[in-house]
Amino acid sequence: MYEFQEQIGFPILTVITFLPALGGLAVLFARGKPNVYKGITLAVTGVNFLLSLVLIQYFDRYTATMQFVEKVPWISSLGISYHMAVDGISVLLIMLTTLLSLIIVPASWNYIKDRELQFFAAFLFLETGLIGVFCARDLFMFYVFWEVMLIPMYFIIGVWGGPRRIYAAIKFFLFTFAGSLLMLIAIVAIAYLARSNPFATPVFDMDLLENATFSYQVQVLAFLAFFIAFAVKVPMWPLHTWLPDAHVEAPTAGSVILAGVMLKVGGYGMLRLCIPLFPDAVVAIAPYILVLSIIAIVYGALVSLVQKDLKKLVAYSSVSHMGFVTAGIFALNIVGIEGGIMVMFSHGLLTGALFLMVGFLYERLHTREISEMGGLAGPFPVMAAFFSFFALASLGLPGLSGFVGEFLSLVGLFTYSKPMAAVASIGIILAAAYLLWMYQRVMFTGLRDQKWYKVPDYSLREIVSLAPLGILAVWAGVYPNTFLQLIQPPAARLTEKMAPYMAESGSVVERIFASLGGLF
Amino acid sequence: MMKTAVLLIPLLPLASFIITGLFGKRYFKEKSQYLSVAAVAVSWLLSIYLIIQVERGEELSWQVYSWIAAGKFKVDIGFLVDQLTAVMLLVVSTVGFMVHVYSIGYMKGDGGYYRFFAYLNLFMFSMFMLILGNNFLMLYVFWEAVGLCSYLLISFWYTKQSAANAGTKAFLVNRVGDFGFGLGIMLIFVTLGTLSYSGVFENAGRIGSGTITAICLLLFMGAMGKSAQFPLHVWLPDAMEGPTPVSSLIHAATMVNAGVYMVARSSPLFHQSHTAMFVVALVGTFTAIFAASIGLVQNDIKKVLAYSTVSQLGYMFAALGVGAWAAGMFHLVAHGFFKGLLFLCSGSVIHAVSGEQDMRKMGGLKNKIKITYWTFVIGALAISGFPGLAGFWSKDSVLAGAFNGGYWYFWLVGLIAAFMTAFYMFRLIFMTFHGKPRDVELYSHAHESPRSMTIPLIVLAIPSVLIGLVLGLPPEDGHIDRFLEPVFEAVKGEAHHFGALDVGLMALSAGIGLAGIFLAWVFYIKRPELPEKAGAHVGVLYKAALNKYWIDEIYFALFINPVRALGRGLWRWVDVGIIDGFVNGSARFFRGVGMVLRPAQSGKIQAYMFSMLLGLLALLLVYLALTI
Amino acid sequence: MTPLQEYLALSMALFFIGTWGVVARRNIILVVMCIELMLNAINIALVAFSNYSPIGGGRGEVFVFFVFALAAAEAAIGLAIAIAMYRLKEKLSVDDLDEMKG
Amino acid sequence: MKQDLLAIMPEIMLIATAVVILLVDPLLPVDGRRGLSWLGIAASVTAAIATWQLRDEEYSVFSHSIAVDKYSIFFKILLLVVAALAMLLSEKYLFLKKRLLGDYYALILFATIGMMVMAEAVDLITFFVGLELMALCSYLLAGFFRYQERSVEAGMKYFLTGAFASNFLLFGMAILYGLAGSTNYQEIGDAIRLGPVPSGPLVIAIVLVLAGFAFKVGAAPFHNWAPDVYQGAPTPAAAFLAVGPKIAAFAAILKFFTIMLGSQESTWVPLMIAVAILTMIVGATMALLQKDLKRMLAFSSIGHVGYLLLAVIATGSSGRSIGMSSVLFYLAAYTFMNMGAFGVLVHMTNHSSFGDTLDDIAGAGKSFPWAAGIMSLFMLSLTGVPPTAGFLAKFYLFSAVVDAGYAWLAVVGALFSLVSAFFYLRVIVYMYMRSPEQELEMSEDGKSWDLGLGLGIAATGVIVLGILPAPVVDAAQNAVVKLLGN
């Protein structure tokens, strides 16, 4: 029952997960001067980021087995254990999480005026929830962390958000909670169905569940329940409408984490649970999900195109970009899955950066209405440079991170169905349209008000917040193998898991699309 | 050594870009050109070295590192240097170098001086990588990268609404083309499992006929975007909003040729699909005459040149499409030089008249700016097919290729377009340099450009004159044909022997060119009132050409406005209306249920008791209902 | 011997009368009395059952004693609260108790 | 005899303490009465320890009318915790409202004894005595502020409806007795299972018993009294009334519907499903409309009863221990979170001109940082968000329901759980995300160590049961083993 993998000498996953929460408690109870608690926050997130680098360093990237295993019984009569372990996908996302958490500290150093202490504490708790989801290897734990991250975010939006923050916060909570409850029931159901006999304890351990087999009907129902929970987080069309509201109202740092990490949790869940646990159902339902993904891609882009609020534009663009994630994953081949993960990673970097920049812009202009901007490249050349960099990366410019993921996920989709990939590719055209048009309206043409020349350009603090994201974006674009290596073994394992079912797949929609594919 | 050269050629401009971009604003300022020009100069020298090596028969195929490896999808960053690369390298490095030098003078005093050179360097890097790459994905990647530079440079003067619009438009139209290109690449990958040139071309024979047509057409879609072929040509004329050196380098001599390069590079694929070849030729020919007809009536000096570029690119595609591969590349090289020259000359003119671009305000400038005038005339003669100059040989080989390939209709259309070309080029010359000054104010201030600008003109004039003689003689078996033979070996048609008929054709095309020049002389020197009359005579056609056949307006009506309306509709109706309506509605629904139940909570004790009794009754009824 | 059914019928009748009284009367004292009536109806049933039961004889009667005790306590408490209410409102109608609702 | 007294030693302690309190109370000055609550608390704690000491043996005493086994011990300790918490919450409140009387504590102790008897009874008569002891004390507690119209109204409503409903339960029990000829649970169960029993009277008995219990726990449509009573009763008393009687009633329900009516599950399960669904609907939707926090908590507790009934259904139809033990765990979690929530209201009333409404709680995040913090904790726990007791309870409960094959009922439960999230979160919204329209008048008199301790225990309970629930889960599972035989 007890298990501990001597890979690094100390339970690094536990440390990396709970260190922020401890930091949060320290912040709450220390109640020091602003610089004290900000310092604590910075130190904790910094150490955590370093720990995540250590994790990657010691991580064996050539195997798909779970590593850094820590397993201790927790509620043994219910078959629940404290079980943490990671594979390449988790490690990559943990790194992203710790990086973004670190970055938002300097980025919101002067942003929050009211109840600042609680703000930083909330972020630390949030980080624990997020990392916990990526580490959990026990379904119950997974769900606990899944919900735990909900609460700080709810407060962050609701307390420190914009004018319609309450509506946005409740909407955010209820959307996610609705999905979670379905997932909870599905978790319970499969845990009890996976037992060997009716009097045995239920099975929550993912390792064991992955080897269990469920009847087709159970698979489909449980898959849908899980999937809806994850689809809300991703968010997939048509479950996405909480996202624009939440983003617009959330404070900058909230948007960064929300877009940068929280949406990834949805995609991660699909990879971690939906596919390995219900391979049969996945194969049957994938075509429908792909259709939804493609709708999301095009729909998000179209709606983005006509947004008047900068933040909302970026928010809808997330819907579109995350469509590539699901499209890649449910193309059910290794290229697509790796592409989907790369999109998650790169979207975390890029959209995080875009939200940061929108925040910085707002701090200067006190507006997010695109129509009130224009010509800002004149007074703010550095800002314009960063803006263009991240906008271009986000629209999938090759050589930057966005391209690799989107292209791979499209290749994966193309392998699955050619017409679908063709429609999804329209999203790339539209991405260029909405981002460049936005950039043009914000940065180009005549300046509205000469007074902006008196406002300073990016400070060192702001540049330092953005630079790491930019460097990683270039890195992931120029040498993506660093990251692809990490996710290759798990992705291969997932496809192997599905391989036996792929042959016998035969849903109606898929057959229709297959026949359409013949036209090409 | 070759490896070092291949590595340095792109990396030097990249390094210069990074350094200038980061430190230009604060430290280099007006001295930004030194580093940039030096970097490109070295790249040029190294390119010449490479070309000589290739000429000697050396080739290079080098995998530098594995770029993307995801499952079966494996793509390397690697270089391929062969004859085709060398030809491109010649044009790109030479014109690039000259444009850099030219820009020193042209951009002097501009607020974004450093930025300009940084962008130019970035462009050089991307363009070098584009032609040096050894696989389709790299081609695609740097295809987009040059597009980015094009975007950045078109909207270089971003405070101008029109420049900003033009940049965005260029990028978007290119993206539409890249949509096809990308799908084509995916189709190649899915079909063959590899994207490297060697891997694809070796296995090209294995591809089914339908698939290969699909691949070729998709790839060609990308080429149409980048090389501004109808109907994706709309961005190039607008791109003239950028500084003139940019128009010369990117939008005439190098980037727009990428499409031609790509089709030429993919010749083993295209060769297998007759349909695709025919489409290429058809689009090329149509674009050639279509753009020429618009060029006839434009008044903006750069717009004329822009439409001319579109038209000439059409020629190149026509050549490739009819199987005259070498002719197409020949025209690419020749056009690269003389169109680069023409743009730089127009820049010099614009520089002379303080930024005015409308030819109707010019006139009589030939005495004021002599060097510009004469180099301009050389360029114009070259493009018009004046016997002996570069354009004569290259255009003739294109037309001959079409004729000999049996596509007499393409040949005929090409011939008409050649006539138009000569006409509008000399219309431009006469309106700009001859006659009386129409705007005295501008005229009086006109001055010759500084030496940094005139020297590139002179330098570029030399190949415009000579390159045809050097490369193109004897026709159809000239140096360039032999040089490129290894590349196009597999796709070559049956051997053709130069004969009397060809001489006749040559004479015909020369005559057509001269006729065009003569007509322009009649219209704009001899009888300046004629253009208006003629315009009135063919009113509709004239108006259509003047308005570029309303293509932009049609796109707005057909695509852009509907897309925006769709976006707005989806947002307002689907997102806010239906989905949020459902969400908020379900919240209201539960409140509504509460409101319905509320009266039961009346506060009256006996009502409570009564409801208990009802509950009892209901339980019994439930039981009865379930048992019966 | 009178059959069990008849006792039970009586008990039911009393119970329904009590129920009707509780729901219909407005005066709190009367309502409390009707509640007592219901209890007595149950007592009749209990005694009857006890008498006719083959094995559990006697338990019913014991039960009845406890019900008696309860009835007394209930009446006391009910009246105590009624007095408190009367002091505050000077009314003893159940309809006056509807300040809290909804 | 010795065995008998030993088994009910905890109850005897409580009775003795209650009597002492009643005797001493008139002799003490007002200030001196403040120690009485500690007397009561000490008695409760001692009784709890005494109960705990009995855990290893099983007693069936007083002619097999009381069974002290693990099951009843679980409930008795839980009830004693409830009593102790209620007394901790009450003292300062009563003092400030000038109703600090020993009677109050005595009533709480007597009610607790009644509840304990309900939990341990295995005989209808004993059960009835316990039930009425609890009920009569409850009426008085609800009406304890006899100079407040609302309190009196609450007392009267509770009394009339309660007595009315008790009669149905009693009538049902009488019929059961008549059918089986015995008042012992086990004998009744055997008689119903084995012998030919006329189905008509049996169904009527089941319906009557079900209705009576539904009233006691506040299940729809027998719930209408609950909001009015909780709103009108003194807040600490409401806390007690919202939790204690429910625990005791569920202890009895589980015994009734398994030992006695286990063989009739095909009859009562559909009825209880209907009741459970209606209860969840009423609880969730009505709570949405409430502006008064006590009423909101009342409807919320109605909603929780709906979930609990789901677990009872699961027990009945699967006969597996998990359903029953999930009820036990849920009640434990419910105790801490619900008493905690009421306790926060008491705290705020003590310290300010707080009026129990949502508007009054606006801005509490700033004016009452700690209280608002733990109130959020309780609200999240009631919503069922990890890592709180409420989550684990709901998780466990849904497990039971799904395991019993009622996944669809779990989905219904989840739906109303979602609806209920809305009004629980609204409390947090008001506390943290809105600024008050009218500042509350603060007063310094309210400082209370007792109350702080009570809230601390509740908060700790919520967190501990959420993070380290294993001991309680195990206890709940052990408690039900014998009852179900597997």
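Reader: Which residues of α9(A) are buried?

Author: This is a predicted model. The buried residues of α9(A) include Gln219(A), Leu221(A), Ala222(A), Phe223(A), Ala225(A), Phe226(A) and Phe227(A). Further along come Ala229(A), Phe230(A), Ala231(A), Val232(A) and Lys233(A).

Reader: What covers the buried residues of α9(A)?

Author: The cover includes α7 (165-193), α11 (252-277) and α12 (279-305), which belong to chain A.

Reader: How many residues does α9 of chain A have, and how far does it reach?

Author: Helix α9 runs over residues 216-233 and has 18 residues. From first C-alpha to last it reaches 26 Å, close to the 26 Å expected at 1.5 Å a residue.

Reader: What describes two packed helices?

Author: Two values: the angle between their axes and the distance between the axes. Take α2 (residues 28-52) of chain C and α7 (residues 149-180) of chain D. They pack at about 10°, and their axes are 9 Å apart. Angles under 35 degrees count as roughly parallel, so α2(C) is roughly parallel to α7(D).

Reader: Which residues meet there?

Author: From α2(C), they include Val31(C), Ile35(C), Met38(C) and Phe49(C). Among those of α7(D) are Leu160(D), Phe164(D), Asn167(D) and Gly178(D). The residues of this contact divide into 15 nonpolar, two polar and no charged.

Reader: Now chains A and B. How many residues does each give to the contact?

Author: Chain B gives 41 residues and chain A gives 44 residues. On the side of chain B, β1 (60-70), α5 (136-154), α6 (161-192) and α25 (551-597) each supply at least two residues.

Reader: Which element gives the most to that side of chain B?

Author: α6(B), with 13 residues. The side of chain B that touches chain A divides into 25 nonpolar, eight polar and eight charged residues.

Notes:
Residues numbered from 1 in each chain as written. Chains lettered and ligands numbered in written order. Predicted model: local features only at pLDDT ≥ 70, side-chain atom pairs only at ≥ 80, totals over all residues. Helix = DSSP H or I, 4+ residues; strand = E, 2+ residues; numbered from the N terminus. Expected span 1.5 Å × (residues − 1). Buried ≥ 20, exposed ≤ 12 C-beta atoms within 10 Å, placed from the backbone. Contact = placed C-beta atoms within 7 Å. Axes fitted to C-alpha atoms, helices over the stretch in contact; angles between N-to-C directions. Parallel < 35°, antiparallel > 145°, perpendicular 65-115°, else oblique. Nonpolar A, V, L, I, M, F, W, Y, C, P; charged D, E, K, R; others polar.
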